[in-house]
Amino acid sequence: MSTTSSDPLAALGSLPGVADAVDSVRKAVDRVYGHRVMRRRSNEVTAEAALRGARGSAALSGADWNLEEVRRRTDFSGDGEAHVIGAALRLSAEAGQLLSIWRQSPLRVLARLHLVAAGGATPEDAVGRPRLADEPVDEPLIEAPLPGAGEVAGRLEGLSGLILSGSAAPALVTAAVVHGELLALRPFGSYNGLVARTAERIVLIGSGLDPKSICPAEVGHAEQGRAGYVAAFEGYLAGTPEGMAAWITHCGRSVELGVRESTAVCEALQRGAA
């Protein structure tokens, strides 16, 4: 992302189509927060959004399980797909607990997220730290060239600085950039996609856009498909105004689809069917 603005994240908000995406997301979120079920059963909606968001994120990482199977299972110590589902569920549960730390030290939160995701499935000396030179990365969905370890360290520091310095950018823009940058860097040896999507959720919660975490963007990312996700991400990698706008609007559509999912949950709760 190249810009001469002193607030590069805010500058992205002026890209063609981004302001419309931001406005559309805000209206969608406001509608679901205004649902009558949210007045007395918001905790149930939050719990269901966490489950569905975890399922969606895991699907993008190659573990596309039926929602009821994810709900039913209690043991995720089996094969690789089970580990991915378990990691996604743990991250979804952890996201809301890290908001205060995120505002002070985003890099500590990212390390914690990788530790939570790894859950003993990754060698201890490779958990919770950026990868070293020549260390392999297991991220089957993203095939873009890997930045070197030195570049990863520098860009992580830059991302942290942007977050800590604050920005006038809309929450959607910041969340999309955090998500895209972590996918581009793949800073850990494993579970980078899961960590990137959880970090996006943390930004959306912490910004106040979705304080109760009921708008799971992961659901929308999965619903738009793995191919669509990768194609939009390639726009982020290109770094052009058109590419960045395409990625941000893709993330915005994902939030709106997450809103639609939670609206359906609210309707089901109102009917007594969930």
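**View 1. Helices α3 and α10 make a right-handed crossing.** By definition, a crossing is left-handed if the near helix is turned anticlockwise from the far one by less than a right angle, and right-handed if clockwise. This is a predicted model, in which local features need pLDDT of at least 70, side-chain atom pairs count only at pLDDT 80 or more, and totals for chains, interfaces and linings use all residues. Residues are numbered from 1 along each chain as its sequence is written, and side-chain values use heavy atoms, leaving out hydrogens and water. Helices (H or I, at least four residues) are DSSP runs numbered from the N terminus.

**View 2. Look at who meets whom between α3 and α10.** From α3 come Ala49, Ala50, Gly53, Ser57, Ala58 and Leu60, and from α10 come Leu194, Arg197 and Arg201; contact means heavy atoms within 4.5 Å.

**View 3. Trp102 sits in the largest nonpolar core.** Such a core is a set of buried Ala, Val, Leu, Ile, Met, Phe, Trp, Tyr and Cys residues joined through side-chain atoms within 4.5 Å. Among its 85 residues, Trp102, Leu110 and Trp247 touch the most other members. Helix α9 (residues 171–185) gives the largest share, eleven residues. Partners of Trp102 include Val109, Ile163 and Val203, leaving aside residues up to four places away in sequence.

View 4. Buried means under 20% relative accessible area, exposed over 50%, and partly exposed in between (1.4 Å probe, protein chains only).

Conventions. Helices (H or I, at least four residues) and strands (E, at least two) are DSSP runs, numbered from the N terminus.
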